[in-house]
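Hi everyone, thanks for making the time this morning. I'd like to walk you through one model, so please have the picture up while I talk.

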Amino acid sequence: MTNSDFLIIPAKPEHTHYADQICDEMFESAKARGTGIARRKPEYVANKMMEGKAVIALHRDGRWAGFCYIETWGHGDYVANSGLIVSPEFRKVGLAKAIKKRVFELSREKYPHAKIFGLTTGLAVMKINSELGYEPVTYSELTQDEEFWKGCQSCVNYDILLSKDRKNCMCTAMLWDPVDKERELKEKIQRKAEAKERLERITQKQSLLKRIEAKLWRSVKKFIAANFPKNKKVIKEF
């Protein structure tokens with residue numbers, strides 16, 4: 001089984017009948033990991049689908065395979081790709097990565113100026129985030145919207161978060177900042193331009209040296225021909 005066996009698309013109103021199944025699997029998965037996520041009701045997930053703020057993966061036979069949704073905080077300044085879940089029967093085929101990539105693209109389409117962030121204890125998710133360009137950050141760089149932090153109340157580690165004054169917890173915070181990425185892109189373009197300019201200068205110097213060498217060689221041959229007319233053979237072998 002490969003990703004070609006699945007349709008990974010922005011969720012639509014006609015997909016809302018999967019909401020109960022998705023919420024149940026989110027809860028069971030969090031319980032199995034021993035960590036918690038904000039417990040979502042089917043109505044909440046269905047609403048995300050109707051708003052076009054979710055990505056769903058469907059097997060070619062129509063079975064639900066995976067899901068992830070978009071949340072916004074701080075008046076759209078921050079975006080979180082939350083609730084990533086893959087049905088147990090379709091795990092270990094790279095589906096989570098494909099869903100995460102598609103919901104990231106959807107987030108960029110809808111909120112091009114927002115910072116995209118996530119909190120996770122999962123190494124697999126951290127790896128996917130890193131490949132997408134996320135960077136580990138301190139909690140202080142995340143949204144300070146109280147509604148976001150209320151979502152942590154259903155986590156078994158919530159007391160740890162409070163004891164740390166919301167500065168850190170068991171989750172790793174990761175952030176994709178469009179301002180930083182734009183700066184990095186400009187710096188990369190600048191480095192390429194500078195490298196190209198250096199190469200052109202080196203090429204010009206080499207060309208100049210070759211012309212000087214050729215000119216000197218012609219001068220030497222003329223000098224020898226003028227002063228040693230009987231040594232033409234020497235000139236050829238020189």
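Let's begin with a group of rings: Trp73, Tyr78, Phe117, Tyr139, Phe148 and Trp149 come together as one aromatic cluster. Before I go further, please keep in mind that this is a predicted model.

How many aromatic pairs does a search of the whole structure find? The search turns up ten. One of them joins phenylalanine 6 and phenylalanine 90, edge-to-face, with 5.3 Å centre to centre and 80° between the planes. These two come from distant parts of the chain, 84 residues apart: phenylalanine 6 sits in strand S1, and phenylalanine 90 is in the loop between strand S4 and helix H3. Both phenylalanine 6 and phenylalanine 90 are buried.

Another pair is made by phenylalanine 104 and tryptophan 176, also edge-to-face, at 5.3 Å centre to centre and 80° between the planes. Phenylalanine 104 belongs to helix H3 and tryptophan 176 to strand S7, so this pair ties together parts that are 72 residues apart in sequence. Are they buried or exposed, phenylalanine 104 and tryptophan 176? Each of the two is buried.

While we're on rings, have a look at tyrosine 44 as well: arginine 40 lies over its face, 4.3 Å from the ring centre.

Now back to helix H3. With 16 residues at 1.5 Å a residue, H3 should span 22 Å, and its end C-alpha atoms are 23 Å apart, which agrees. The buried residues of H3 include Leu95, Ala98, Ile99, Val103, Phe104 and Leu106, and Lys100 and Arg102 are on that list too. As a reminder, an α-helix has 3.6 residues a turn, so residues three or four places apart point the same way.

On to the sheet. In what order do the seven strands of the open sheet stand? The order is S1-S2-S3-S4-S5-S7-S6, with mixed pairing. S1 and S6 are at the edges with a single partner strand each, so one side of each has no neighbour in the sheet. On average, neighbouring strands are turned by 25° against each other, direction ignored.

Zooming in, S2 and S3 run antiparallel and are joined by five bridges. Here isoleucine 56 stands opposite phenylalanine 67 in S3. Finally, helix H4, residues 123–132, packs on the sheet and touches S4, S5 and S7. The direction of H4 makes about 20° with that of S7.

That's my tour, and I'm happy to take questions!

Definitions and conventions:
Residues numbered from 1 in each chain as written. Predicted model: local features only at pLDDT ≥ 70, side-chain atom pairs only at ≥ 80, totals over all residues. Heavy atoms only, no water. Phe/Tyr/Trp six-rings, centres within 6.5 Å; stacked < 30°, edge-to-face > 60°. Helix = DSSP H or I, 4+ residues; strand = E, 2+ residues; numbered from the N terminus. Buried < 20%, exposed > 50% of the residue type's maximum accessible area, 1.4 Å probe, protein only. Lys NZ or Arg CZ within 6 Å of the ring centre and 35° of its normal. Expected span 1.5 Å × (residues − 1). Pairing = 2+ DSSP bridges. Axes fitted to C-alpha atoms, helices over the stretch in contact; angles between N-to-C directions. Contact = heavy atoms within 4.5 Å.
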